[in-house]
Every structure is written in C-alpha cells, then in structure tokens.
Amino acid sequence: MQSELPLYPEQASNFAPQVDGLVLFMIAVCAFFAVVICAAVIYFFFRYQRKRPDELGVPIHGDMRLEIAWIVLPFFLLMAMFGWGAAIYVDYRHTPNDTLDITVIGKQWMWKLQQPDGRREINELHVPVNRNVRLIMASEDVIHDFSVPAFRVKMDVVPGHYNTMWFRPNKPGRYHFFCSQYCGTNHAVMGGWVTVMEQDDYAKWLSRTTGSEDPVAVGQKLYSDLACATCHQPDGKGRGPSYNGLYGSHVKLADGSTVLADDSYLRESILEPNAKIVAGYQPVMPSFQGQVTEDQIAALTAYIKSLKDQAPPGKPGAAESATGKK
Amino acid sequence: MSSSQQPPLSPQPAAEQQLPKEHYLNATYGIRSWLLTTDHKRIAILYLISVTFFFFVGGIFASLIRIHLLTPSGYLVTPETYNKLFTMHGVAMIFFFLIPSIPAVLGNFLIPIMIGAKDLAFPKINLLSWYIYLVGGALVLYSFATGGLDTGWTFYTPLSSIYSNSAVTPAVIGIFINGFSSILTGLNFIITVHTMRAPGMTWFRLPLFVWAHYATSLIFILGTPVIAITLLLAGLERMFHLGFFNPAYGGDPILFQHLFWFYSHPAVYIMILPAMGVISEIIPTFARKPIFGYDFIAASSIGIAVIGFIVWAHHMFLTGQSTYSALAFSFLTFLVAVPSAVKVFNWTSTLYKGSISFDTPMLYGLGFIGLFTIGGLTGLFLACLGLDIHLHDTYFVIAHFHYIMVGGAIMGYLGGIHFWWPKITGRLYPEYLARIAAITLFVGFNLTFFPQFILGYLGMPRRYHNYPPEYQVLNVMSTAGASILALGYLLPMIYLAWSMRYGKVAGKNPWPSTGLEWTTDSPPLTENFRETPVVGWEPYDFLHRPELGLLGAVSKKPVPAHGDD
Amino acid sequence: MHRTGELYGQFQTLEQQKESATLGMWVFLITEILFFGGLFLAYTVNRHAFPTAFGVGGNMLDLNLGFFNTIVLIASSFTMAMSVWSAQTSRRKAVPAWLIATLLLGSAFLGIKVVEYKQKFDHHLIPGHNFDVTYCSRNQVACGLGDKEFADEQKEIREGIEAEKAPRMSEEEATVALNAHAQLYFSLYFGMTGLHALHMVIGAGLLLWLIFEGFKGRFDANYNTPVENIGLYWHFVDIVWIFLFPLLYLINRHLA
Amino acid sequence: MSEHQEHIVSPKIYLTILIVLLIGTGATVYAAKIDLGRWNIVLALTIAVTKMTLVILFFMHGKYSARRTKLIIASGFFWLAIMLVLTLADYTTRHAEPSRSQLAPVRKLEPQPGAPLSA
C-alpha cells in the first residue's frame with residue numbers, strides 16, 4: 001500500500017523502474033544546480049549587503065574561463081540526459097515480436113478495447129502479468145491519449161493514424177488509465193481501470209460467464225461498468241435518453257413514428273442502436289453486439305424496468321439544445 | 001537592516017523635490033489626446049491598462065479553477081464550464097497578457113529612451129497595433145461572453161475545427177487579428193533599434209533590456225505570421241468546411257500541431273526573454289556593479305531566440321511523429337538550455353562583491369533567478385524523451401510552465417514595473433508594502449505550483465475537472481497557495497494606484513542606475529530628451545559615472561563615439 | 001497626411017526616415033513569407049500524402065486561364081517597377097500612368113480569378129457537402145465539355161480511382177477516397193489563391209491611393225518612398241503567384 | 001549612411017527581366033507537359049525560384065540594397081527553410097506506419113482482429 005502522500009506512482013511495468021531511475025538521476029543533477037545557485041544567491045545577498053547608501057560594488061566585467069566552463073560543463077551533462085532519455089525512448093518505440101495485441105478505439109468519451117480473441121470491453125482492460133502487450137490505437141473523432149501512470153506509458157490516439165505502444169505489466173493489480181489529451185466536455189471521465197491478472201486468472205477470465213445474482217443489481221452495475229451512464233444520464237441531459245420512466249412508455253422516434261419501449265425494443269437498442277433513433281438525439285451509440293451476453297441484456301432490461309416508476313426528465317428537445325447546439 | 005545612524009539604504013528622494021513642470025503626462029489633456037496619441041510612453045500606458053484588465057480576467061478564471069479542484073469530484077462548476085474556464089484562462093493570459101505584457105508596456109516605454117531616440121520609428125503604427133490589440137481582445141471577450149471557448153488554448157484540430165460546440169470562430173479571428181499587433185510591435189522595435197540609436201550608442205552599449213527585446217522582436221516577426229495562418233486555416237475548416245487537417249478528408253491533425261508549435265514554442269521565449277532583459281537591468285543596478293559577462297548575456301538572448309525556433313516538436317513526442325524526428329528535437333531542446341544557463345550563471349556572478357540592497361525590484365529579481373532556475377531545470381525533464389512519455393500532459397507540465405511564465409515572466413514584469421515606476425509616474429511606491437507583496441507572491445507561488453510537480457509525476461492528467469481521490473491532498477495545498485498568490489497580486493494594484501497621486505517624488509535617478517533613461521526627467525518629456533544625448537560610457541559602468549554621486553567613482557575621458565552599425 | 005518629403009518628428013534626418021521605412025517594409029515582407037510559408041507547408045505535406053488526388057485536382061483547373069493570369073501578373077510587376085523608376089527620375093506625369101496600368105492589370109487578374117472560381121462552383125468543386133470530383137465525368141453538358149475533353153475527364157477520374165485503390169478496397173471505397181483527398185487539394189487551392197487574391201485586393205487599394213497622390217505630382221526623386229514600398233509589396237504578391245502557378249496548375253499535366 | 005544612395009535601375013533592365021520572366025513562364029508550362037517523373041516538380045520549382053530571384057534582385061532592387069537589407073531577406077527564407085525542412089523531416093521518416101492514404105476516408109478504423117466493433 002502506498003502512503004497518504006506518495007511521491008511516485010506504483011511501479012507496475014517494465015518501463016517503470018527505468019523511468020524512475022532516470023528521474024532520480026535528473027533530480028540529483030538538477031537539485032545540485034538549483035541548490036548551488038540558490039545558495040550562492042542567498043549567500044551573496046547577505047555577504048555583500050550594502051553598508052552605506054553611496055557604496056559602490058567592485059567592478060568585475062566577466063571572466064572568459066568561467067564562461068567557457070559553464071557553457072561546456074552543462075553541455076556534457078545535458079548530453080548525458082539526452083542520451084539516457086533517448087535510450088529509454090527507443091525501448092518504448094521498439095515493440096517486441098511476441099505481443100498480445102489489444103485494439104483500442106477512443107471516441108468521445110469512452111474507450112473501446114478488444115482482446116485478441118474478439119472479447120470487448122468498455123473502459124476496462126484486462127491483461128495478463130509478464131506478457132508483452134501491444135495496444136493498437138485509433139480514434140473515431142478527435143485526438144485522445146491513452147495513458148497508464150503505473151506503467152509509465154502514454155500515447156496519443158490520433159484520427160487517421162494507427163498509433164501503437166507496448167508494455168509488460170509485472171505486478172497484478174488494478175491501475176488507473178486516463179485520457180491524457182484534452183478531447184472535449186467529458187475528457188476527465190474518459191478513463192478506467194487496467195486489471196493486471198495472473199496468467200491463469202486471465203485465461204479463466206477470458207472464458208468467464210456471469211454468475212447468478214439479483215438481475216437488477218447486476219444490471220445497475222453493468223450500467224456503470226459499460227459506461228452507459230456517460231450518455232444515458234438520469235436527468236436526460238446526456239447524449240442519450242434517460243432510462244427513468246422509459247419502460248412501458250411510448251417513445252417518439254426521429255422519423256416521427258412511435259414505439260412501445262418493451263423488452264424487444266430495449267434489446268434491439270442495445271445491439272443495434274441505430275435502428276431506431278429517439279427524436280432529439282443523434283445516432284452516436286456504439287453497438288454492444290458481442291460485448292454483452294444474453295444474461296447481461298436481461299440484467300440491463302431488468303434494471304431499466306426497475307426505473308419505470310421514476311419520473312422521466314423534461315422534453316428531449318431541451319437535452320438536444322444542451323448538447324447539439326452549434 | 002540599516003543602522004539608525006546612517007541614512008536609509010533605499011531610494012531617498014532629495015528633499016523638496018518637485019515633479020518637472022512639463023512632462024508627457026501633462027503635455028496635453030483630454031481623452032482624445034490619449035486615444036490619438038503617438039507618444040510611445042502614452043501608448044505604453046494604454047497597454048498597461050489593457051493588459052492589466054486581461055490579467056485580472058485570466059486571474060478570475062484561474063481562481064475559479066483552483067476552487068473547483070478542491071475536491072476530487074469537482075466543487076463548483078459543470079465539466080463544460082470547467083473546460084471553458086481553463087481555456088479562457090489560457091487564452092486571456094497567453095495571448096492578451098503575457099505576450100504583450102513586457103514588450104508592449106515596458107518595451108514600448110523604454111526602448112526609445114534607452115537608445116536615446118525621441119520615439120519609435122513608426123509611432124502611428126505603434127498606436128495602430130494597440131487598436132488592433134483592442135479589436136482582437138474585444139472579439140475574444142465576445143467569444144467568452146457568447147458561449148465561451150472549450151478547445152484548450154492550443155486549439156487542436158479536429159476538436160476545435162469540427163467537434164467543439166463553443167464560440168471558437170470569434171476567438172480564432174480575435175487571436176488572428178491580435179497577431180498583427182505583435183507583428184507590428186516587433187517590426188517597430190527592430191527598425192527602431194537599427195536606425196534610431198543616439199550617437200555613441202553602439203550595439204555593444206545597448207542595455208541588455210534592448211538586446212532581449214530585439215531577440216523577442218525576431219520571434220514576433222518570424223513566428224507570429226505562422227500562428228496567424230494556422231488559426232486562420234483552422235477557422236476556415238470550421239466556417240467553410242474546407243479541409244486542411246481534417247481526417248475525414250485524409251488530412252493530418254499532427255500537421256496542425258507542427259504549425260501551431262512553430263509559433264507557440266518560440267512564444268514561450270517571447271514571454272521569458274523580455275523578463276530576462278528586465279532582470280539584467282535590475283541586478284547590476286541593485287548590486288551597483290557592471291553586469292558579469294555582458295557579451296554572453298546579449299548573445300544568449302539571440303541564441304535563445306534562434307535555437308528556440310528549432311525545438312517546437314518536443315510538444316509532440318507522443319503524437320506519433322517519427323522516432324528520428326523526436327530524437328532530433330529532443331537534442332535541440334537540450335541545446336537551448338545552454339544559453340538559459342549562461343544567463344543564470346552570469347546574473348548570480350554579478351552579485352559577487354556587489355553592494356546589494358533589499359529594494360523591491362531586487363527582491364523580484366532574485367525571486368526570478370530562483371523560480372526561473374527551477375522552471376528551466378524541470379523543462380529538462382520534459383525535453384528528455386524517456387521521461388516526457390510519462391510526464392506529458394500531466395500537472396508536471398502545468399507546474400513547469402507556470403514556473404517559467406508566472407515565476408519568470410510575471411515576476412520579471414512586476415519587478416520591471418516597480419523598477420521603472422518612478423520613471424513612468426515620477427513617484428515612488430511605498431517600499432515596505434511592496435516588499436511584503438513581493439515576498440507574499442514568492443511564497444504563494446511556490447505553494448501553488450510546487451505540489452503540482454508531484455501531482456504530475458503521480459500521473460494526474462491536466463485539464464481534468466475531477467480526479468481520483470488520491471490526488472486531493474496536493475490539490476488542496478495548491479489551492480491554498482493560490483489564495484495567497486491572489487492576495488499578492490491585488491496588493492501592488494492598490495499601492496501602485498495610490499502612489500500615482502500620493503507617492504514621494506522620485507527625481508531623475510532614485511536608485512541610481514546607469515541607463516540613458518535615468519538621465520532624463522521623471523516622468524520624461526514627450527520628446528524624451530531636451531537635446532539628443534551623446535553616449536560616452538559603457539553599459540552598467542558605475543565607476544566612471546561620478547555624476548551618480550557614488551563613493552569612489554572617477555571620471556574618465558569619454559570614449560569617442562564611433563557610429564558603426 | 002504629411003506633406004511631401006516632410007521629416008517626421010521622431011527622425012533626425014530624411015535619409016534615416018527613408019531607410020527606416022524601406023527596412024520596415026522588408027521586415028513586413030519577411031512576415032508575409034512565413035505567413036504563406038505555413039500554407040506551402042500544408043500543401044507539401046498533403047501533396048506528399050496524396051499525389052494522385054492532387055494530380056487529378058490540378059488537371060481540373062483551367063490551364064489557359066492560369067497561364068494568362070501569370071502573364072498578366074508579371075506584366076503588372078513590370079509596370080509597377082516602371083512607376084518606381086518614373087518617380088525616381090522625377091517623371092511626375094508618368095508615375096500615375098504606370099500605376100494605372102498596374103491597377104488595370106491587377107484588376108484583370110482578379111476578374112479572371114472570379115471566372116475561375118465560378119467555374120469551380122459550377123463543377124461542384126467547392127469543398128463541402130456538394131463536392132463531387134467525378135461530377136464533370138458524368139455531366140458533359142453541365143460542365144460545358146467537348147467530346148474529347150469529356151473523354152479525357154473520364155479517363156482522368158478512372159485512372160485516379162484506380163490509383164487510389166489500396167488492397168482490399170472496393171471501387172466505391174476508392175471513389176470515396178479520391179473524393180475526400182481531392183477536397184484537400186481544393187481546400188488548399190481556395191485557401192492559397194484566396195489569400196493571394198486578398199493580398200491583391202489590398203494592393204489594389206494601396207494603388208488607388210498612390211494614383212490619387214500621383215496625380216497631385218507628389219512623387220519625385222526626393223520623395224518616392226510610398227511608391228517604392230508599395231511596389232515592394234506588389235512584387236512580393238507576384239512572387240507568391242510565381243510559386244502558386246506551377247504548384248497548383250501544373251502538377252500532373254504530362255499525364256493529361 | 002551614404003552607401004544607401006538610391007540606385008536607379010534602367011528601364012532596359014526591367015524590360016529584359018520582364019522578357020526573361022515571360023519566357024520562364026512559357027518554359028514551365030512546356031516542361032510540365034513532358035513526363036519527367038519526379039523531376040517535373042524539381043524543374044518547376046527551379047524555374048520558379050529563378051523567377052523569384054530575378055524579381056527580388058531587379059524589380060525589388062535587392063541587388064542594390066544595403067547588406068543589412070540583404071541579411072533580412074536571407075533570414076526570411078532561412079526561417080521558412082527551418083519550418084519546411086524540420087517538419088518534412090518528421091513526415092519523411094515515419095517508415096513504420098501504414099500509409100495514411102489507406103486509412104483516412106474510409107471510416108472503419110478498426111484493425112481486423114475479430115468482428116468490427118460498431119455496427
């Protein structure tokens with residue numbers, strides 16, 4: 001466990017010790033210079049206090065040897081820093097051959113991640129410990145950035161480019177990942193957790209099925225785990241309609257027709273979100289086909305059902321003007 | 001500190017001194033005489049008022065940001081509003097306060113006087129550039145008021161050109177227009193320094209303040225047009241669906257960043273170089289000895305301006321630029337540290353065997369050295385490829401550039417304002433209050449921004465309206481520091497305003513200092529000098545200036561003026 | 001307005017004043033170099049990425065009009081230079097005459113530019129929702145093409161689509177790609193020529209003022225700084241076009 | 001400062017330059033119609049640079065300007081070169097990436113493992 005006021009993040013990948021080592025070197029060099037300069041300033045300040053108002057300083061114009069010394073010496077130190085940093089950077093950029101490839105797609109404001117076997121996650125990444133992992137990243141809209149401080153890795157995700165990065169997690173646990181490149185309104189919530197698992201656990205997780213629990217509770221958890229909450233906010237102000245009072249109501253669609261919000265409508269909306277667009281909203285929801293099991297759809301439906309007595313928010317038109325104004 | 005027997009060590013207005021009968025402030029009266037003035041000193045005052053306005057606009061945004069970040073889930077505003085706050089903070093502070101601050105206020109006021117000219121080469125263009133600044137500023141304020149701006153001050157496409165719903169267009173046009181204000185100011189300074197120097201004012205007798213501004217002007221004229229065209233292209237994408245960087249057409253958002261940083265990295269030097277110039281004036285004055293290594297400080301200003309142009313892509317190590325290019329830019333970035341280090345070493349050495357006083361400008365000057373040293377050294381962490389991957393876009397970056405821009409540029413600006421306040425207004429500010437303010441600022445600043453280095457290393461990304469709870473302690477410290485800092489900024493506003501009317505009359509040369517600006521009246525005449533001065537002394541030479549009344553000064557045969565160029 | 005050759009207060013001598021003004025103009029032109037430089041950089045990067053689409057786009061411009069415009073602009077540079085010469089040699093009457101010639105040539109350039117823009121509009125080549133690079137290969141009459149031109153156009157587009165085709169790309173996708181990339185070309189075309197034209201318009205305004213002053217006989221051997229400096233500006237605008245012409249019109253003519 | 005004495009260029013020179021520029025324009029169009037492969041662009045730019053140089057030297061009196069003015073002109077081009085060269089250095093050394101032209105306009109950004117992510 002880390003202390004109340006940690007000074008560096010956990011070291012959980014092959015890069016972390018390298019980066020921390022270089023940082024210690026840099027801190028040592030820089031602190032040396034900072035201390036020398038500040039000490040000199042303070043010492044001179046008190047040592048050469050003005051004694052009388054018309055006193056004159058000793059006119060010294062300069063010293064070529066000193067000038068050369070403080071040009072050349074820092075230059076070599078700087079080159080040492082550059083060389084060390086460059087060496088680590090080349091490691092970052094030189095991906096090994098035996099990587100586990102994860103596909104990462106950033107979009108405003110969620111991450112879609114896909115395991116090599118096709119299993120998909122949203123804002124969650126599960127990786128096995130001590131395996132080289134490569135992220136192949138693309139963006140659907142603006143520039144994002146995938147960053148895991150505990151691994152000391154970070155890379156921009158640029159539309160029109162595939163950027164890649166790799167790392168080898170070496171400590172099981174759960175670590176934050178963030179979007180580090182400012183990407184609009186919900187930039188700060190566009191993050192999640194990397195779970196580093198023992199290799200056996202990872203294999204088990206890949207073939208996992210959901211356990212039996214109260215479907216409403218499971219659904220509620222999915223609602224937040226799958227980041228439904230990002231858009232389908234209860235107050236209807238998000239980019240998708242609210243679930244409150246949805247079940248059993250008649251929903252007005254963008255093409256002017258109306259549909260009864262029953263189980264099959266909900267199922268279709270999860271798997272093929274663009275088939276029926278609610279009036280006042282944009283077709284922006286990604287499909288969850290293949291990401292949720294039938295059990296999970298049932299759980300989500302159960303959760304939405306449980307909200308049917310909640311008061312629905314105001315007109316969707318209001319929500320549109322909050323998000324869709326030009 | 002001073003013993004009771006001796007006269008005070010601080011500036012002592014000669015008894016019964018009066019303001020000169022006629023000076024630039026009372027030469028003419030009425031609002032027209034100000035708004036249509038071509039006097040560089042009055043234009044400097046106009047700039048002083050307008051940049052102060054923008055400083056407080058940006059400052060209010062900053063305070064709201066810090067209050068909001070008191071708790072992990074955000075304390076004050078919605079995410080949308082928070083994004084607008086930090087964007088508008090950046091835009092107001094960078095484009096409308098920091099970039100014009102020292103050049104347009106102090107540079108405008110002092111450069112002609114320092115080189116013995118009656119005015120800048122193009123006084124009307126000088127006035128025009130203030131009006132351009134106002135138009136640009138008005139458009140940006142309009143954008144703030146009608147929907148705000150939420151793209152970040154960096155305006156990265158395609159967020160700014162396609163996805164943002166805020167008032168990007170007027171802001172981009174405002175900054176585009178404001179660019180011409182910078183260009184014209186830089187042009188004016190360059191031509192003035194080339195053609196308007198008084199007899200005897202050779203290049204190597206120029207005050208280092210002028211050298212620094214010459215270097216700054218190079219960046220103004222060579223860099224600003226590029227940001228102008230870049231933002232224009234982003235604006236055209238937004239307004240007319242043209243595509244230059246639009247990925248939907250196959251365009252490359254990284255190209256925008258190349259163009260943007262080609263200006264915006266040198267722009268950092270626009271902010272810091274003039275402050276370095278101010279410090280190079282303050283330190284010899286209050287150490288009462290020639291500056292150590294004049295040639296090296298002058299050359300390092302030009303060196304910073306030139307090398308500063310070839311380091312820009314260090315803002316883009318993580319965008320997917322080529323590894324080779326990243327290596328080259330990292331190397332060049334380390335090089336630019338050399339001239340900066342040269343300056344710091346020379347200033348420190350100037351203190352050696354000086355006769356050092358505690359006066360407010362000197363406190364700012366010494367504070368500057370400390371803060372700039374920390375800011376500069378932490379810049380090395382970011383220049384270092386291996387570390388930048390972890391530190392990029394975290395609070396470490398925020399802390400680093402605030403140490404440079406607030407700890408460096410604003411400390412230099414305030415130091416300069418205090419140093420030349422007697423020249424600008426003819427009156428002294430209340431010394432003890434000013435020292436308290438300087439120390440408050442120093443303490444508040446460090447408390448605000450030092451914790452952010454640690455936050456950054458822990459991985460807290462910038463531009464986050466909420467954050468994981470483990471970052472809270474440091475954020476609270478930072479906010480506490482910011483409240484002290486805010487107090488420190490209000491204080492000078494109050495006593496400087498007070499002193500304009502009630503301050504003691506300063507006289508020509510209260511410190512005393514050696515520059516040409518101190519040989520004329522305080523405040524100066526509209527045409528600066530009664531007759532064109534002839535410069536017969538070396539810069540920062542106290543020893544051979546007996547007229548300054550210092551103990552042991554000797555006169556020396558004036559060196560004949562030879563007018564090389 | 002200051003009177004002819006008056007010494008402004010901030011200067012010591014007339015030479016210093018003239019020198020400052022000329023130097024100032026040159027420094028301003030430096031900023032213009034970098035201003036257009038940003039555009040040229042954007043052009044280079046995108047052309048490097050999409051040579052096919054840029055070739056196709058370039059061939060859709062009207063070479064004859066572009067060629068003619070280049071000649072017009074070069075000629076206007078010559079007349080401008082002559083007006084400077086007339087001022088320097090105190091031929092007071094000749095100054096406005098040469099200036100008027102310059103203005104007329106400049107206006108001719110802008111007029112032709114308008115014709116070209118109109119043509120691009122008719123051909124659906126304005127970037128945006130209606131942009132369709134294949135429009136003229138499908139609409140012979142609307143584009144006013146002769147049979148041979150129409151066949152060339154179709155061949156051009158066909159070859160372009162073929163060249164855009166990456167592995168596993170369908171015909172349709174390649175067309176979409178060509179259409180997208182051609183929009184980059186036309187965005188740059190309008191951005192670059194538009195900003196150039198804007199500079200021409202500003203230059204024309206300055207010329208008008210010069211002509212007005214020239215008729216008063218203001219400019220002679222003693223006082224000709226405005227003519228000279230606006231001349232410098234005009235020549236600069238000419239230089240920009242000297243680069244725009246081959247870069248925009250002549251990318252791929254050998255394939256046509 | 002007397003070295004800055006105004007130099008008057010004779011109309012004959014102007015006329016010569018005009019003719020050379022017109023010939024250059026013709027040449028550039030002519031050259032463009034011949035297939036020279038990658039040398040087309042090189043030739044076109046060489047002609048353009050030559051024309052520009054003539055305009056600067058004679059029409060703009062660059063040849064007769066003070067050294068300081070020449071330095072200013074040169075520095076402008078030098079900075080332009082910095083911008084172009086260093087930026088293009090990035091673009092020309094990105095070997096490892098798939099070419100942008102394969103990706104961009106087709107909005108299916110997902111690489112292939114498994115089925116596509118969004119419907």
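Predicted model: local features only at pLDDT ≥ 70, side-chain atom pairs only at ≥ 80, totals over all residues.
**View 1. The overall build of chain A.** Count up the secondary structure here and chain A gives you 8 helices and 12 strands. Box in the C-alpha atoms along the principal axes and you get roughly 90 × 55 × 40 Å. The radius of gyration of chain A comes out at 28 Å, whereas a compact globule of 326 residues would sit near 20 Å.

**View 2. Inside chain A: burial and contacts.** Out of 326 residues in chain A, 37% count as buried. As for who touches whom, take the contacts in chain A with a separation of 6 or more: 68% of them link residues 24 or more positions apart.

**View 3. Where chain A meets chain B.** Chain A puts 78 residues into this contact, and chain B puts in 85 residues. On the chain A side, the elements giving two or more residues are the helices α1 (15-47) and α2 (64-93), plus the strands β6 (144-148), β7 (153-157) and β9 (173-179). Which element of chain A gives the most to the side that touches chain B? That would be α2(A), with 16 residues.

View 4. Sort the chain A residues on the side touching chain B and you end up with 48 nonpolar, 16 polar and 14 charged.

Note on methods:
Residues numbered from 1 in each chain as written. Chains lettered and ligands numbered in written order. Helix = DSSP H or I, 4+ residues; strand = E, 2+ residues; numbered from the N terminus. Rg over C-alpha atoms; globule rule 2.2 N^0.38 Å. Buried ≥ 20, exposed ≤ 12 C-beta atoms within 10 Å, placed from the backbone. Contact = placed C-beta atoms within 7 Å. Nonpolar A, V, L, I, M, F, W, Y, C, P; charged D, E, K, R; others polar.
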